[in-house]
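Q: Could you take me through this model one feature at a time, giving the general idea before the particular case?

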Amino acid sequence: MQPHRKSALSTAVAVAVVAAVLAGCERGTSTGAGPTATGPAGAGCPAVVAGAEAAVQRAMKNRPAWHGPTRGPRAVPGKRIVYVAQTMTNPGVAGAAEGVRDAAQVIGWDVRVIDGQGTPAGIQAAFSQALALRPSGIVIGGFDPKLTSQQVAKANALHIPLIGWHAVDSPGPSKDPELFTNITTRVQDVAKISADWVIAHSHGHAGTVVFTDASIPFARNKSELIKKELATCSGVRLLAEENIPISDTSSRTPQQVSSLLSRFQDRWTYSIAINDVYFADAAPALRAARKKGAGAPYNIGAGDGDPSAFQRINSGQFQAATVPEPLSQQGWQILDEFNRAFSGEPPSGYVAPVHISTAANSSGETTWDPPGYRAAYRKIWGR
């Protein structure tokens, strides 16, 4: 990401800033004064490596079979959808919105996108504007519904179905807040596969740093799950966990990376970040230390897979892999879920599987767009 890259945390950059102010949380810390083993000392973890390699191989398939819905209601005509975006400078939010627009042309609905501009006040105003339009349905695009609790309550009272994209932690229906469904990959799966990639790529011998934002519960939970999976391999050492708020990545990450290089030198061989944005800001410090862009520390982002992350990966510039969201596919799923709501049917229950993108399998693309979903939804809708 260039000028807008700090928006790339899917869901909640604005929420993180508000949470940091209201909760008075720390502005970032580094845990551990030296390397700590995530498991007992030993000669690696051959059984764990074998399992990780198999999982990574599955996740790197470029043409996985479609396991999403194949049956559902035919298209209900004449619907109007409003997509309330956290900010359209967030590549994840914008990518999902583009998928919604693409699907709307096929299903025959009108879609309007209202940009919340990345601030609580802007998001609240955008949601209020959406309600004033009295649409058939509203998408909560990449922000915490707690920011707009009054607007959510009004939408519920008006029986306007709400569908979230990265709105709450888990995929599927939500009772509090009341959402017909929420579209996201499972955080447990994303955390596990990113750690498995480190275990497999390192053959069970790695000195790892984890980057997180503890002011965001979702991000903190993801990094705890990452550490838990790393701990299954006795040859993987957790050197440090860096708590850097997303809002501070550009100012804090280069300094912290320089400190890590000084402390651990060549023992630091891998990194996992809860979002790709950390590696955009780590690159200058790694470059200044004369690290090779395609060498150690090998970095994987456990989130979104925005275009700038793909650019770093494809050019071998201080990021080796990402766990991307299938943004366009999720946009099509959003409209399919609305169609089920309008038809009085339950949500599909589909959750996209995790995928790993590297220079070896991205084919120079800057997004993850799996096959099969367009034809499947067209058939369901009769379009």
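Q: How many disulfides does the rule give here, and which cysteines form a disulfide?
A: A disulfide is a covalent bond between the sulfur atoms of two cysteines. By the rule used here, which asks for a pair of cysteine sulfur atoms within 2.5 Å, the count in this predicted model comes to one disulfide. The partners are Cys-45 and Cys-233, whose sulfur atoms lie 1.9 Å apart, and the angle of -85° about the S-S bond makes the link left-handed. The two cysteines come from distant parts of the chain, 188 residues apart, with Cys-45 in the loop between strand E2 (36-37) and helix H2 (46-59) and Cys-233 in the loop between helix H7 (217-230) and strand E9 (236-243). Helices (H or I, at least four residues) and strands (E, at least two) are DSSP runs, numbered from the N terminus.

Q: Are Cys-45 and Cys-233 buried or exposed?
A: Buried means under 20% relative accessible area, exposed means over 50%, and partly exposed is in between, with a 1.4 Å probe and protein chains only. Cys-45 has a relative accessible area of 9% and is therefore buried, and Cys-233, at 0%, is buried as well.

Q: What is the confidence of the model, and what do the values rest on?
A: The pLDDT is the predictor's confidence in each residue, from 0 to 100. The protein averages a pLDDT of 89, and 89% of the residues score at least 70. Over residues 1-27 the pLDDT is below 50, although this stretch has 70 contacts in the model beyond near neighbours in sequence, a contact being heavy atoms within 4.5 Å. Residues 33-42 also have a pLDDT below 50, with 26 such contacts. Because this is a predicted model, local features need pLDDT of at least 70 and side-chain atom pairs count only at pLDDT 80 or more, while totals for chains, interfaces and linings use all residues. Residues are numbered from 1 along each chain as its sequence is written, and side-chain values use heavy atoms, with hydrogens and water left out.

Q: How many aromatic pairs does the structure hold, and how is one read?
A: A pair of aromatic rings is described by the distance of the centres and the angle of the planes. Rings of Phe, Tyr and Trp (its six-membered ring) pair if their centres lie within 6.5 Å, and planes under 30 degrees apart count as stacked, over 60 as edge-to-face and the rest as tilted. The structure holds 12 aromatic pairs. In one of them, Phe-127 and Phe-143 have ring centres 6.5 Å apart and planes at 75°, so the pair is edge-to-face. Phe-127 lies in helix H4 (residues 120-132) and Phe-143 in the loop between strand E5 (137-141) and helix H5 (149-157), so the pair ties together parts that are 16 residues apart in sequence. Both Phe-127 and Phe-143 are buried.

Q: What sort of pair do Phe-338 and Phe-342 form?
A: Phe-338 and Phe-342 are stacked, at 5.8 Å centre to centre with 15° between the planes. Because they are four residues apart in helix H11 (residues 327-342), about one helical turn separates them. Phe-338 is buried, with a relative accessible area of 0%. The ring of Phe-342 also has the charged end of Lys-79 over it, 4.8 Å from the ring centre, the criterion being NZ of Lys or CZ of Arg within 6 Å of the ring centre and within 35 degrees of the ring normal.

Q: Which residues do ring pairs link into a cluster?
A: The cluster consists of Trp-66, Trp-332, Tyr-350, Tyr-373, Tyr-377 and Trp-381.

Q: Which residues does Arg-374 touch, and with which side chain does it make a polar contact?
A: A polar contact is a pair of N or O atoms within 3.5 Å; within protein, one must be able to donate a hydrogen and the other to accept it, and residues adjacent in sequence count only if both atoms are side-chain atoms. Arg-374, found in helix H12, touches Asp-102, Ser-328, Trp-332 and Asp-369, not counting residues up to four places away in sequence. Its side chain makes a polar contact with the side chain of Ser-328 at 3.5 Å. Arg-374 is partly exposed, with a relative accessible area of 31%.
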